[in-house]
Amino acid sequence: MILRARYEQAASPARECGPGQIVADEKLCASASLAMLSGPTLASHRNQAQVSQYRPLDPALFHVHQNRPMSRTYNLAVLPGDGIGPEVMAEAIKVLNAVAAKNDIAFNYNHQLVGGAAIDAVGKALPAETIAACEASDAILFGSVGGPKWEKMPPNEQPERAALLPLRKHFGLFANLRPGICYPALTASSPVRADLVEGGFDVLCVRELTGGLYFGQPKSRTTLPDGDIEVIDTMVYKKSEIERIGHVAFKAAQLRNKHVTSVDKANVLTNSVLWRETMVEVAQQYPDVTLAHLYVDNAAMQLIKAPRSFDVMVTENLFGDILSDEMAMIAGSLGMLASASLGKVKGDGLYFGLFEPSGGTAPDIAGMGIANPIAQILSSALLLRFSLGLEEAAVAIENAVRQVIGDGLRTGDIFTGAPGTRKVNTTEMGDAILAALG
Ligand code: IPM
Ligand code: MG
């Protein structure tokens, strides 16, 4: 049941909410939410996802890609990177191997250096060989890059700026989808008051990923004649860039609860005035979807106060970076937040994409074997869905994750000592997900 509510600006919630707004069936809630991240021209996925929203437990629904050749080998570029990247990547690969065995397909993993690991080995964060391997792949499975070891390097040579951002730009990965799912069984792990997250929630953050302050020119740092230092970052968007991310958000919303919250700072930024105008225009093509606008400061507040009032949230690059971390934390942990960065649709109607956990390298726990591998494992599920069209396998992984969470397994980041839960390490969590896959 979707509540049609009044949408108000500023001090009010993005959307009034009530118990009817949350999908009652937990399984439906989570599998549908991930199955519904459709993109602008992905008609077959859309239909499939649309169906799975309403009848997610019918196995016949997942046969959309049944004409796909069996025994196919898929080429994956695997870029574990730094910090906890290699540890959690190992668990995702275990899960992918199980998927391959069950589905009579094969993955050809092309492991490549990226980030600090590449700097240490070959002197630069994004070697040409790594780009070439990505170009030759069906998709990129990415770990994380960066860490204190490389923080003293010139900023433009550091792992984040010299590897991850160029990869996003090189492949035109403009649409970053981050499913913020708070499983009902995990509400105790949320730092937010229990009554605000009770029953769980499901927000899809659609973040524009190749524009805004991250990439706008000019960027500079100048020492002025008086000795002061002036720095410039430029926020640039073209209307066409806002339109294309808007379409992603509205298409996704059509397959979910049909509500888009566009986040901007239109009371201050020229960029945001165009953003808002454009979202209003795009919305006209989706009469079944309601649109609300929130200023980013208010959105940060509403996410904490009323996370269940959001369905799809669409925003520009920097705002999305910040709000998606907040969303993930309210849902339990950054260690649960998968992401899909999608670019162009390939000939087969699927996306080329880079799939990565949103949480970073966590240098404080790197090498200890205690990191949460779920974001990496769920990112590999998104890869199967968006880049390979293996919907059934993606849903199987998502269900396995939900099952182990329901069984009470918790890595340190989501462990609260609640009765019925058990603290596990990285490999134990990976093994449990593997076992749940059957
Ligand atoms: C993310 C990360 C990156 C970003 C960093 C590592 C450059 O925080 O994917 O959210 O800011 O986009
Ligand atoms: Mg971030």
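Me: Among contacts between residues at least 6 apart in sequence, what share join residues at least 24 apart?
Reply: It comes to 73% in the protein chain. Keep in mind this is a predicted model.

Me: Okay, can you give me an example of two residues separated along the chain? Where do proline 373 and methionine 89 sit relative to one another?
Reply: They are 284 residues apart along the chain, but their C-alpha atoms are separated by 7.5 Å. Proline 373 also contacts Val88, Glu91, Ala92, Thr426, Met429 and Gly430, leaving aside its neighbours within four places in sequence.

Me: Is proline 373 buried or exposed?
Reply: Buried, because it has 27 C-beta neighbours inside 10 Å, and the cut-off for buried is 20 or more. Proline 373 lies in the loop between strand 12 (351-355) and helix 12 (374-386).

Me: And how many residues does the protein chain have, and what part of them is buried?
Reply: There are 438 residues, and 54% of them are buried. The largest nonpolar core has 122 residues, and Val206 and Ala249 have the most contacts inside it.

Me: What does valine 206 touch?
Reply: Not counting residues up to four places away in sequence, valine 206 touches Ala175, Leu177, Ile245, Val248, Ala249, Ala252, Val312, Met313 and Val314.

Me: Switching to helices. How many helices and strands are there?
Reply: The protein chain has 14 helices and 14 strands.

Me: How do the axes of helix 10 and helix 11 cross?
Reply: The axes of helix 10 (residues 296-305) and helix 11 (residues 317-331) come within 10 Å and cross at roughly 10°. That makes helix 10 roughly parallel to helix 11. On the helix 10 side, the contact is made by Val296, Ala299, Ala300, Leu303 and Ile304, and on the helix 11 side by Phe319, Leu323, Glu326, Met327 and Ile330. By class, that contact has nine nonpolar, no polar and one charged residues.

Me: Now the ligand. Which residues surround ligand 1?
Reply: Gly146, Glu160, Leu164, Asp321, Ser358 and Gly360 do. That shell divides into one nonpolar, three polar and two charged residues.

Terms used
Residues numbered from 1 in each chain as written. Chains lettered and ligands numbered in written order. Predicted model: local features only at pLDDT ≥ 70, side-chain atom pairs only at ≥ 80, totals over all residues. Near = placed C-beta within 6 Å. Nonpolar A, V, L, I, M, F, W, Y, C, P; charged D, E, K, R; others polar. Axes fitted to C-alpha atoms, helices over the stretch in contact; angles between N-to-C directions. Helix = DSSP H or I, 4+ residues; strand = E, 2+ residues; numbered from the N terminus. Parallel < 35°, antiparallel > 145°, perpendicular 65-115°, else oblique. Contact = placed C-beta atoms within 7 Å. Core = buried A, V, L, I, M, F, W, Y, C linked by C-beta atoms within 7 Å. Buried ≥ 20, exposed ≤ 12 C-beta atoms within 10 Å, placed from the backbone.
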